[in-house]
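Here is a short tour of a model for you to explore alongside the viewer.

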Amino acid sequence: ILKPNERVIPGFLSWCINQSSVQVQVREQRTGAGAPMIPRQGFMDIYIPLPSLEIQEKHAELGALLSREYTLRRKVLEETEILHAVIGYKALEKLFRAAKEKKDE
């Protein structure tokens with residue numbers, strides 16, 4: 001469990017840890033196969049630059065916006081898949097009905 005001090009904005013730390021260059025360091029420190037963990041000392045060896053609180057806040061806001069964008073994109077994709085399924089169902093239903101009517105003639 002990470003407990004940043006007053007010099008570190010938690011959102012900045014979260015954003016930073018999710019960046020690919022830091023993820024490389026995280027993967028290097030992971031141990032265990034089933035439930036990978038990072039030993040405390042291993043995590044302490046991961047380099048994370050610490051800019052001013054103002055810059056940290058900007059990066060934290062960026063991270064929150066990117067996360068929100070990802071959530072919205074995923075929701076749009078889910079809704080689009082549902083819409084496609086409904087359209088497909090209705091189109092096939094119409095085709096089956098037309099075929100049945102033609103057969104009944």
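## A glutamine and its surroundings

In this predicted model, Q56 touches R7, V8, I9, F12, L50 and P51, once its neighbours within four places in sequence are set aside. Q56 itself sits in helix α4.

How accessible is Q56? Its relative accessibility is 0%, and because buried means under 20%, Q56 counts as buried. A polar atom of the Q56 side chain also lies 2.8 Å from the backbone nitrogen of I9.

As for geometry, helix α1 covers residues 10-17 and helix α4 covers residues 53-104. Their axes are 8 Å apart and the packing angle is about 65 degrees. The crossing of α1 past α4 is left-handed.

## The chain as a whole

Zooming out, the chain has four helices and zero strands, giving the pattern α-α-α-α along the sequence. Its radius of gyration is 25 Å, well over the 13 Å that the globule rule gives for 105 residues, so the chain is more spread out than a compact globule.

Along the principal axes, the C-alpha atoms fill a box of roughly 80 × 35 × 20 Å. Buried residues make up 13% of the 105 residues. Among contacts with a separation of 6 or more, 57% join residues 24 or more positions apart.

Conventions
Residues are numbered from 1 along each chain as its sequence is written. This is a predicted model: local features need pLDDT of at least 70, side-chain atom pairs count only at pLDDT 80 or more; totals for chains, interfaces and linings use all residues. Side-chain values use heavy atoms; hydrogens and water are left out. Axes are lines fitted to C-alpha atoms, for helices over the stretch in contact, and angles run from 0 to 180 degrees between N-to-C directions. Helices (H or I, at least four residues) and strands (E, at least two) are DSSP runs, numbered from the N terminus. A crossing is left-handed if the near helix is turned anticlockwise from the far one by less than a right angle, and right-handed if clockwise. Buried means under 20% relative accessible area, exposed over 50%, partly exposed in between (1.4 Å probe, protein chains only). A polar contact is a pair of N or O atoms within 3.5 Å; within protein, one must be able to donate a hydrogen and the other to accept it, and residues adjacent in sequence count only if both atoms are side-chain atoms. Contact means heavy atoms within 4.5 Å. The radius of gyration is taken over C-alpha atoms; the globule rule is 2.2 Å times the number of residues to the power 0.38.
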